[in-house]
Amino acid sequence: MAVITGLATLTAYGRGTGPLWDGVLGGIPALSPVTRFDLTGRRARYAATLPGHPDLTGELATLIDGACTQAGLTADERAATPLLLARHLTGPVDPATAALAGTCGLRRLERIHTNACAAAGSAVADAAASLLLDEYPRVVVAAGQLVDADGFASFDSAGVLAPDGISRPFSAGRQGPVLGDGAGALVIETPAEARRRGAEPLVRLAGWGQAGDAHHVARPHPEGRGTARAVAAALRRAGVGAQDVGYVNAHATSTPAFDSAEAAGLRRAFGPYTGRVPVSSTKPLHGHCLTAAGMVELAVCALALRHGLLPVNAGYLGPDPSCRLDLVLDRPRPVAARYALSLSAGFGGTCTALLLEVV
């Protein structure tokens, strides 16, 4: 078990977990016409972006500093803490990224996770594993990706993005995601280290699981085997049963194959309890943040537990027989849950499950 003592986020709703929670709870998508780059020849026209042209490395440095400040880390404690980073790379690590840990007063950049949309979840799971192995008493994890011309063009050319600018996870008529700016940072530490420092935990990471379905380079296994194995591993590590899970923040990108596979994986993991576990994806609201999706959605999951409210599965048109789940529809749902799952998945069949526990 590990505890998260500092958490900072950036999305199209603004900087901070407060704007993110207010936006998600309000259920109004943070979408706008793309003006950051030229859309000539593009089918999709919308994304969830911040104004202007923010610098990702600078934003990550600010977020890391904010998470460390919230956790109450001293300069000496920062200097002993490594950084795990989830960030999309198309070539060698640039000097600013390589220097990010030093810029923030941290020990060193330990590892960069680049495994697509599961990267942030994978980085958090690896950080927790390093605590379990007594490699470090504390780790900082950061993740970020901003909507840019190349990424937008790649998804649009593949015909993946929703042409009407509306993401509809698990819904009949879904046509794909809408991209979004996203970044975040957290401080994760052993419970003993948090107690020693007198730090107040925001949420516990009770369990985590990682799996690969080894099916196809760009398509999930239709039975959701990777998702099911990742969830089972997270529950087993925490000593928790499927009946104890009070919410799932799903990866659901609104693509027909991925949503159906994820739903199948959840049914496989939860069995007879499937109909009792509320599920929603918040990507229609803050956008699909790709490499940073797991960080933004972990924050949403933690906030849902702390506030006792589950965000809606926005954009829903009607049931799809392949997505038989207890979806949170129409309005936020009050809940007194102890455990919640945050799921991520990426091309290549990689899946992660993070089991959060309310403190």
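Predicted model: local features only at pLDDT ≥ 70, side-chain atom pairs only at ≥ 80, totals over all residues.
Helices here are DSSP runs of H or I with at least four residues, strands are runs of E with at least two, and both are numbered from the N terminus.

Residues are numbered from 1 along each chain as its sequence is written, and side-chain values use heavy atoms, with hydrogens and water left out.

Within α9, colour the buried residues: Gly 226, Thr 227, Ala 228, Ala 230, Val 231, Ala 233, Ala 234 and Leu 235. Buried means under 20% relative accessible area, exposed over 50%, and partly exposed in between, with a 1.4 Å probe and protein chains only. Next, show what covers them, including β9 (203-212), β10 (245-249), α10 (256-270), β15 (339-346) and β16. Just after the helix, Gly 239 has a positive phi of about 70°.

Now turn to the cavities. The whole structure has 3 of 30 Å³ or more. A cavity is a set of points, on a 1 Å grid over the protein atoms alone, where a 1.4 Å probe fits but cannot get out; lining residues have an atom within 4 Å of a point. Grid points are joined across faces, edges and corners, and a volume is the space filled by probe spheres set on the points.

For the largest cavity, of about 120 Å³, select Pro 220, Thr 227, Phe 258, Glu 262 and Ala 345, which lie nearest its centre among 18 lining residues. Helix α10 gives the largest share of this lining, 4 residues.

For the second largest cavity, about 60 Å³, select lining residues including Gln 145, Asp 148, Phe 152, Leu 179 and His 288.

Finish at Val 359, in the segment after β16 (350-357). Val 359 is partly exposed, at 44% relative accessible area. Leaving out residues up to four places away in sequence, Val 359 touches Pro 201, Leu 202, Val 203, Arg 204 and Arg 306; contact means heavy atoms within 4.5 Å. The C-alpha atoms of Val 359 and Asp 38 are separated by 46 Å.

Key. 1 Å grid on protein atoms, 1.4 Å probe; cavity = no way out; pocket = protein on both sides within 12 Å on 5 of 7 lines; lining within 4 Å.
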